[in-house]
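Visitor: I'd like to learn how to read disulfides and helix packing in a model like this one. Can we go through it feature by feature?

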Amino acid sequence: MLRGPCRIFRVSVAPVAALAVALVSSLSRCSLLEPEDRVVSPLSPYFGTKTRYEDANPGLLPDPEAPRRDPQLLEETCTPVQLVALIRHGTRYPTTKQIRKLRQLHGLLQARGPGDDRTRAAGGGDLGAALADWPLWYADWMDGQLVEKGRQDMRQLALRLASLFPVLFSRENCGRLQLVTSSKHRCVDSGAAFLQGLWQHYHPGLPPPDVADMECGPPRINDKLMRFFDHCEKFLTQVERNATALYHVEAFKTGPEMQNILKKVAGILQVPVNNLNADLIQVAFFTCSFDLAIKGVKSPWCDVFDIDDAKVLEYLNDLKQYWKRGYGYTINSQSSCTLFQDIFQHLDKAVEQKQSQDRIANLLTQRGYIKLKCNKLPLHQPLPPCRLGKVQGF
């Protein structure tokens, strides 16, 4: 499941090594399968933010804890000054709204009468009957919560980052890490799982304590930063509460591309086409992705759609994001200025601090001095005085 902000963490180190900041979002998933038993679907590339991470990045399959570094960023050629990461939450359950639509669709399948089943009468296979018998195990309480696979996603991400940037994520700098999250439960839980991964890195084999008792401290909730769109009145007025803001999305739902899919699915399921709509079809499509991600199974819903259907449904989802979160309205990007300002302020401060340190080091070297020791630098504080020693022979 890709895209979308929800959580932030910041890490800082001693003076020359610098600061690390990470802005984290949201994730989820459940039962684990060995790689050789992994179930796949040709529809996976079209699930958007509900795509399994390992489908989008197959490099995670052999060893999800092993870091993969760009050859141009090898340790001896690049010194990390600051890390900034905007990370989505882990794999999650469907929302209550999605679950209720799926329950509505399941009810239509179970209500089919014998006379509606032309496929069975013709002696062919009945995908509708298979779906009616397929267990509907989703419950309202799940409501987008993080699943165990999502926690594992975040723990493994923490292990990869800690291995990739050992100086920034060293144990002595753990106290400098600050993780900021939105109040969404899947984001808070993703942040806690990330910290558990760091604990695993620092204390291999030891069970993690409560997040509140960890060296790095618990995630800090800041909705104004991480859910900026909920705190922008202009966005709420012009887009979120505007009944006409998604006009193009609604038009596409009733357009020929979606209507062709409705008729096709109605024929496959043997239900009246008037009982279906684009929202129900989209939930059915995403149910294939949820079952793959959460339980590692390929449900019959995956067999309802082909690649051409998937492309249309992917476009529908992208169209909604374009008008609601993307370039459709100017206020969409403007509302994120608070978050981006926060990111770049930390980047600018780290660069200025590093340049200042380099200038001082060069000046001292030219005058025959060398830095022997500097006190540790708290986050966002000026450089402390260094104890200096005269180098003989200069």
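Visitor: Are C288 and C302 buried or exposed?

Guide: Before that, a word on the source: this is a predicted model, where local features need pLDDT of at least 70, side-chain atom pairs count only at pLDDT 80 or more, and totals for chains, interfaces and linings use all residues. Residues are numbered from 1 along each chain as its sequence is written, and side-chain values use heavy atoms, with hydrogens and water left out. Now, buried means under 20% relative accessible area, exposed means over 50%, and partly exposed is in between (1.4 Å probe, protein chains only). Both C288 and C302 are buried.

Visitor: How many disulfides does the structure hold?

Guide: A disulfide is a covalent bond between the sulfur atoms of two cysteines. Here the call is made for a pair of cysteine sulfur atoms within 2.5 Å. The structure holds two. One of them joins C288 to C302, with 2.0 Å from S to S. The torsion about that S-S bond is 100°, and the link is right-handed. C288 sits in helix α11 (residues 278-295), while C302 is in the loop between α11 and α12 (307-324), 14 residues apart. As for the element names, helices (H or I, at least four residues) and strands (E, at least two) are DSSP runs, numbered from the N terminus.

Visitor: What about C174 and C216?

Guide: C174 and C216 form a disulfide too, and their sulfur atoms are 1.7 Å apart. The torsion about the S-S bond of C174 and C216 is about -100°, so this disulfide is left-handed. The pair links distant parts of the chain, 42 residues apart: C174 is in the loop between α5 and β6 (178-181), and C216 is in the loop between α6 and β7 (220-221). C174 and C216 are both buried.

Visitor: On to helices. At what angle do α5 and α6 cross?

Guide: Axes are lines fitted to C-alpha atoms, for helices over the stretch in contact, and angles run from 0 to 180 degrees between N-to-C directions. Under 35 degrees counts as roughly parallel, over 145 as roughly antiparallel, 65 to 115 as roughly perpendicular and the rest as oblique. Helix α5 (residues 148-164) and helix α6 (residues 185-202) cross at roughly 45°, and their axes come within 7 Å. The two are therefore oblique to each other. Their contact (heavy atoms within 4.5 Å) involves residues including R151, M154 and R155 of α5 and D189, A193 and Q196 of α6.

Visitor: Which residues does Q196 touch?

Guide: Leaving out residues up to four places away in sequence, Q196 touches R155, P208 and M214. Q196 lies in helix α6 and is partly exposed, with a relative accessible area of 22%. From Q196 to P209 it is 8.4 Å, C-alpha to C-alpha, and 13 residues in sequence.

Visitor: How far apart are the axes of α10 and α12?

Guide: The axes of helix α10 (residues 256-269) and α12 are 10 Å apart, and the helices pack at an angle of about 130°. α10 and α12 are therefore oblique to each other. The contact is made by E257, M258, I261 and K264 of α10 and D309, V312, L313 and L316 of α12.
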